[in-house]
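Colleague: Please take me through a few of the labels used for this model, and say what each one rests on.

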Amino acid sequence: MDDNENVETHDTDGGNDQEDENTPTRSSRSSQSSDHSSHSTQSTAQSTQSTPSQSKFKTILHPGEVNRIRELPQNSNILATHTDSPDVLIWDIESQPNRQANLACPASRPDLILTGHKDNAEFALAMCPTEPFVLSGGKDKSVILWGIYDHISTLAADPRSTKSFETGGIKNSKGDRSDDAPSSSPSVQARGTFQGHEDTVEDVQFCPTSAQEFCSVGDDSCLILWDARSGSTPVIKVERAHNADLHCVDWNPLDVNLILTGSADNTVRMFDRRNLTSGPINIFQGHSEVVNCVQWSPDRASVFGSAAEDGVLNIWDHKLVDQQNKSTGLFFRHVGHRDKVVDFHFNSSDPWTIVSVSDDTETGGGTLQIWRMLDLLYKPEEEALADLEKIKSHLLT
């Protein structure tokens, strides 16, 4: 991720970032990292006068709106998308032809279609961090698991392969890309279908260390843990995980015992998988509207973010929670978005850089921001000042 894009996007939006009132104040605004070059610093000053320039890598004409998009950790060219249909669409952006954004053009053809849902699956989507598995949930109240290893292997050997596989692999493949209808794409049947929810499944997530273990949340207010090796029924089911619909879930990649959930009751809750039925070990209250997304930091086991329909993205550290001193664990608020924040991600290569997306309904579009907190917010003062000293000569030129 480019540093110039990071700084310019944040400054151009004119966001007003805040810290938790219970945290000692060091800065009232987010700013560029101390390790940015002088060129980046100059771009920051100029960005208030001009819109940052972005170059498109490739255009894919998606068949229907994109509700959710996820990247395969084992191969960054492979993407999965959810739209208003029962299917999950798989795209290889390396092999996809570049298209012109013209309404008269037919939609691009996915490289693969994952089938199995009986009703629309619009939001619940996850890629496995350890193996090329895909997980989805939908309005049919089911959680479905697929393996796409065969597809990736075949595509690498021959992008236009017409090879067919048995159940769980590619079938009905047409190697000719001249037919752009999504229905002509090869399809993959499910490895497993898991039943246990009583309403729409809103989000799913893999265990960071296992392709066979995963969790799901839904409009039935339930948090469910699954193990594909144990059959298609829940291993553990938390009936009233929140006081309203659950919209999101994330599994801590650095501490696999901790799971986060977000809900329409405006709260974020943290559960310990070793004792799920005892309820949450912490409840975080820092949003005024529905929580749409939660994610753990890829760098610090105690840090996570939450985004909501109040337009705020909060950064928390559960180690800072102190009931006696009334510390909530909230230490940073990004309030640069003008409408509800629907998704965000930490940058795994630069963990304090975050990309966030809002659905700006009043302006009829969406906004993507790339931003970063001031170093002093998450580093000891001595360490931050030492880093500044290293690049002082660049900043002064």
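**Labels and their grounds**

Modeller: This is a predicted model. F331 is a place to begin: the residue lies in strand β22, which spans residues 330-334.

Colleague: Why is F331 called buried?

Modeller: Buried means under 20% relative accessible area. F331 has 7% relative accessibility, so F331 counts as buried. In space, the C-alpha atoms of F331 and V303 are 9.9 Å apart, while 28 residues separate the two in sequence.

Colleague: How do you know that β16 and β17 pair?

Modeller: Two strands pair if there are at least two bridges between them. Strand β16 (residues 258-263) and strand β17 (residues 267-272) are joined by 5 bridges, so they meet the definition. They run antiparallel, and T261 stands opposite R269 in β17.

Colleague: What makes β15 and β18 edge strands?

Modeller: The open sheet has 4 strands, in the order β15-β16-β17-β18, with antiparallel pairing. β15 (246-251) and β18 (282-285) each have a single partner strand, so one side of each is left without a neighbour in the sheet. From one strand to the next, the twist averages 20°.

Colleague: Which residues have the most contacts inside the largest nonpolar core?

Modeller: That core has 17 residues, and those with the most contacts inside it are L313, I315, F332, F344, I354 and M373. Two or more residues each come from β20 (303-308), β21 (313-317), β22 and β23 (341-346). β23 gives the largest share, 3 residues.

Colleague: What does I354 touch?

Modeller: Leaving aside residues up to four places away in sequence, the contacts of I354 include L313, I315, F344 and W371. A second, separate core has 16 residues, among them A126, L135, L145 and F214.

Technical notes: Residues numbered from 1 in each chain as written. Predicted model: local features only at pLDDT ≥ 70, side-chain atom pairs only at ≥ 80, totals over all residues. Heavy atoms only, no water. Buried < 20%, exposed > 50% of the residue type's maximum accessible area, 1.4 Å probe, protein only. Axes fitted to C-alpha atoms, helices over the stretch in contact; angles between N-to-C directions. Core = buried A, V, L, I, M, F, W, Y, C linked by side-chain atoms within 4.5 Å. Contact = heavy atoms within 4.5 Å.
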